[in-house]
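I opened the model and kept notes as I went. The entries follow the order in which I looked things up.

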Amino acid sequence: MQLSRARALSLIAAAPLCTSCGGGDSVKIGSKNFTEELILGELYAQSLEHAGLKVTRKLNLGTTDIAMAALQRGEIDLYPEYTGTALLTVLHLAPDSDPKRSYQTVKNAYASKYALVWLDPAPMNDTQALATTRDVAGRYALGRLSDLAAKASELRLGAVPEFLTRADGLPGLQKRYGGFHFKQIKTVDNGLKYQALDHGDVDVIIAFSTEGQLKADSLVVLEDDKHLFPSYAVAPVVRKTTLDAKPSIAAPLNKLAPLLTNDAMQNLNQQVDGTLKREPADVARDFLSQHGLA
C-alpha cells in the first residue's frame, strides 16, 4: 500500500477518471496514492459523514497531477494537499520553510488561479528529513545537517531518484550547506528504505517527518539547522463552487485540523505501515472516535 510522496509525484501515467460515476449531491473526496493521504482522505470523509453530509470516496487516485486535474474537472470536490507540494510542484515557486508564509502564498495563488479554497492547515509538518541510526550518529557525531554536510564523503545515502534533482533535495542541500558529497548514493524504494538502513546497506536515508517508523528509538532525525526543507503543512483543498453550495463542509474539517500533529500522524501511519497492518478507514474511525468526532 505504501508509496512515497516523492515517488507518487514522479509518476506521469494518469489513471482514467469517470465524470459520471455517481455521487449525486454527495461530497466527492479524493486522495493521492500513499498511506498518509489514504488516512487523511478517510479522516475527511468520516468527519463529514459524522456531520450529516453524504460522501463519495474516490481515494487512491495517484499523483498530485492526477488529483489536481480531478479537482479542477469536478470529478472530486476536495482532497488533502501539502503546502510544500503546492508551492514547488503545482505553482513552481521556490521552497519556503516558513509555514505561515508558505500557507498564505498557496492559499492566495490557488484562489486566484484555480478558484480553489484552502481550509485550515493542520499543525503537522510532513517535510523531508534525513535520518540515520543512533549508532551511525554517535560514531560520526551527527546531530544536524551541518554535521552531515562535513561527513558525507564517509557515508552512503539511500534516496529515491527525485531527491537527487529537486530544488529541496540534494542540489538544495549542497547549495545551502556546502559539502553533501556522499561516498555512495544508492537508489532505494521508499517502502524498503528503513530496512536498508537497519541492515547496514546505507548509512543515511531520506525520510518524511510524519512517517511512523521514525518513532523507533534506534533512529535519529538530523536537525535542518539552516532551514532548507519547505514546510509541508496539510489542509483540505476544496472547489469554491462546492464550498459555496455546501458551506457546512468547512466546520468539521477545520475542527479536525488542530488534532493532526506530527506525533498523531506518525501514530496513524505506523498503525497502517507497521506490524499491525490496519486499514486506513479503521485507523481513521478509531482516531475520530477518541476525539468525539465519529
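Entry one, helix α3. I began with α3, residues 64–73, and asked which of its residues are buried. I listed Thr64, Ile66, Ala67, Met68, Ala70 and Leu71. This is a predicted model, so I keep that in mind for every value here. I recalled that an α-helix has 3.6 residues a turn, so residues three or four places apart point the same way. Next I checked what follows α3 and found Gly74. The phi of Gly74 is positive, near 85 degrees.

I looked at both faces of β1, residues 27–30, and both are covered. Val27 and Ile29 are buried on one side. Lys28 and Gly30 are buried on the other. Then I looked up the pairing of β1 with β2, residues 55–58. The two strands run in the parallel sense, with four bridges. I also traced Ile29 across to β2, where its bridge partner is Arg57.

Two packed helices are described by the angle between their axes and the distance between the axes. I took both for α2 (residues 35–50) and α13 (residues 280–290): about 50 degrees, with the axes 8 Å apart. That angle makes α2 oblique to α13. The crossing is right-handed. From α2, the contact uses Leu38, Ile39, Glu42, Leu43, Gln46 and Ser47. From α13, Pro280, Ala281, Ala284, Arg285, Phe287 and Leu288 take part. I sorted the residues of this contact into eight nonpolar, two polar and two charged.

I stayed with α13 and turned to α12, residues 262–273. Their axes come within 9 Å and cross at roughly 145 degrees. This crossing of α12 and α13 is right-handed. I noted Ala264, Leu268, Gln271 and Val272 on the α12 side. Pro280, Val283 and Phe287 answer from α13. How many residues of this contact are nonpolar, polar or charged? I got six nonpolar, one polar and no charged. Pro280 and Phe287 are in the α12 contact, and both are also listed in the α2 contact.

I found Gln174 in helix α8, residues 170–177. Is Gln174 buried or partly exposed? Its relative accessible area is 29%, so I noted it as partly exposed. Leaving out residues up to four places away in sequence, Gln174 touches Gly179, Phe180 and His181. Last, I checked Gln174 against Val55: 119 residues apart in sequence, and 46 Å apart in space, C-alpha to C-alpha.

Conventions: Residues numbered from 1 in each chain as written. Predicted model: local features only at pLDDT ≥ 70, side-chain atom pairs only at ≥ 80, totals over all residues. Heavy atoms only, no water. Axes fitted to C-alpha atoms, helices over the stretch in contact; angles between N-to-C directions. Parallel < 35°, antiparallel > 145°, perpendicular 65-115°, else oblique. Left-handed = near helix turned anticlockwise from the far one by under 90°. Contact = heavy atoms within 4.5 Å. Nonpolar A, V, L, I, M, F, W, Y, C, P; charged D, E, K, R; others polar. Buried < 20%, exposed > 50% of the residue type's maximum accessible area, 1.4 Å probe, protein only. Pairing = 2+ DSSP bridges.
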